[in-house]
Amino acid sequence: MCGIVGYVGKSQAAPILLDGLAKLEYRGYDSAGIAVYDGEHLVGKKAMGRLKVLSEMTHDGASMPGYVGIGHTRWATHGAPTDNNAHPHFNEDETIAVVHNGIIENYLKLKKKLLDKGYRFQSDTDTEVVAHLLDYYYKGDPLEAITKVMHRVDGSYALGIIFADQPQYVYAVRKDSPLIVGKGQDGNLIASDVPAVLKYTRDVCFIENQEIARLSEREIDFFNVDGEPIEKEYKTIEWDVNAAEKGGYEHFMLKEMYEQPKTVRDTLSPRLKDNQIEIEELGLTDEEIRAISRIRIVACGSAYHTGVTAKYVYEGMARIPVEVDLASEFRYRNPILDEKELVIIISQSGETADSLAALREAKARGNMTLGIVNVVGSSIAREADKVMYTWAGPEIAVATTKAYSAQLIAHYLLALKFSTVRGTITEEELAGYITDLKRLPEQIELLLNNKERIQRFANRYVSAKDVFFIGRGIDYAISLEGSLKLKEISYIHSEAYAAGELKHGTISLIEDGTLVSAVVTQEDLYKKTISNIVEVRTRGAFVMAVTNEGNTEIEKAADYVIYIPQTNKYFTNSLAIIPLQLFGYYVAVGKGCDVDKPRNLAKSVTVE
Ligand code: F6R
């Protein structure tokens, strides 16, 4: 996620901005930039790549004089990671500088209006719209211009703004993207997160949604969205820098699990318009969607697991046949592809070597390819014919959680879009699905809040030798991911089985006390899976079941039950995976494993 820093005070701004940005590096970024007021003009410097490049370019900031400035580390969303797309962005005569974290959802509409009024754009970003819109509304009163812009833009934003004709101030605004103010001795600061200001102050104030802060060297004033003054309280930060980077969470993995409600919301909301699914970037005509003969999903690891879930969703809902392939297998087996087959490549990093090779293979055969990708401008995003981004933000923990959840949402949206166009669901059914989708973030939050109960249970299994995960249909797909989460970070052997398959061999491994996790969310399969639970239990297994609220019958068969809130049968994975992620996490923590960096694993697997 992007990082913002701003400073106004007695010291030279640029070195402070670079130092602050360095403290935000953990958030992930692909380019960086700063703008300072040098006494006459706003001057910007931007560079793709690591912050080091920007530091070298500016001699650690020394070659950029001035006492007021804003800085940014960009994690590309709209527009590839290039110098041009890096922030700050300016209005045309470079009298207003803006840094932004978040997504302006209606930027295309606003951009068109501004283009019609003669504004010219330098970048592909949504942020530049804000700079020009500020210019459009600015008549000498920054607060007035800012509030007008706040009323026009939809989406999420944290903004740092400087006006060249009022260089004594830095302005900060936020909606659904974090931003704090730090009250220093020699000057005041804004930042996306506390670590960026801790060197200068421990007195911070958290800007709330739709609030504006105006900072000068000595004063900080706050205003509401109507420009009226408001009072705010400061807090003294007691944590150390390391804890602050993780937002107070013990590990990035836990932090990222907690970001899942937001990730789901961010991936959903730009595509839900007036109770319809609109995936602008898909660029497939209704005719092309109707012509799809088959969907082939190709991916690795957890991304592959979302594909296994998606097979049930596309087939069940849109009645399109689906094949799911492991990318490492697909590329070497001379697959038979129908020319009307849509090939979907799923990848968080967009750089996984096997997935990239599979994409190239499908393209070489003339098939239409669609990338579901998290990292903007990554190889898969660049090379796929169409791209649908998951807005999960940077994922730092090696074991994926929030990107996995975002990938599921991308599949649900595509399945709903395809189903609507192909007429396999009614308008009424669509409305029901959309209602269920919108409830997911809250429901995920509820499950996360239940973490202590799962932690207590997990602590009993830190010395487990083997764990089995079983389920049928979509529940099998959830089990694949639950099993991977546990084994990759806790180093406990685990396997996922289609529940009916266990007795064809593997059941011989069940001993007294062996833990079996059974996922039971598909109502039409309850009875079948319960029979499999009974089979393993009579052989000594201890069964933990994850099931829907209301399915209390299961308590007769399972030893320990975790209930998930009600949703429709296609979306249960998004909920059932939460307790399984927490279980894997707490077993690993209990064993003292390096949760964020498990042995032998890399975040982005760029080798075969
Ligand atoms: C597991 C995990 C991996 C990735 C896999 C694909 O927690 O993170 O299994 O899902 O390596 O990576 P991407 O999605 O970057 O292609």
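Predicted model: local features only at pLDDT ≥ 70, side-chain atom pairs only at ≥ 80, totals over all residues.
Author: Residues are numbered from 1 along each chain as its sequence is written, and side-chain values use heavy atoms, with hydrogens and water left out.

Reader: Which residues come nearest to the ligand?

Author: A residue is near a molecule if one of its heavy atoms lies within 4 Å of it. Of the 14 residues around the ligand, the nearest are Ser347, Gln348, Ser349, Thr352 and Glu488.

Reader: And how do I read a polar contact?

Author: Look for a pair of N or O atoms within 3.5 Å; within protein, one must be able to donate a hydrogen and the other to accept it, and residues adjacent in sequence count only if both atoms are side-chain atoms. In this model, a polar side-chain atom of Ser349 lies 2.6 Å from an oxygen atom of the ligand. For Thr352, a polar side-chain atom is 2.5 Å from a ligand oxygen atom. Thr400 uses a backbone N or O atom, 3.0 Å from an oxygen atom of the ligand.

Reader: How much of the ligand's accessible area does the protein cover?

Author: Accessible areas come from the Shrake-Rupley method with a 1.4 Å probe; for residues, only the protein chains shown count as cover. The protein covers 89% of the 410 Å² that the ligand has on its own.
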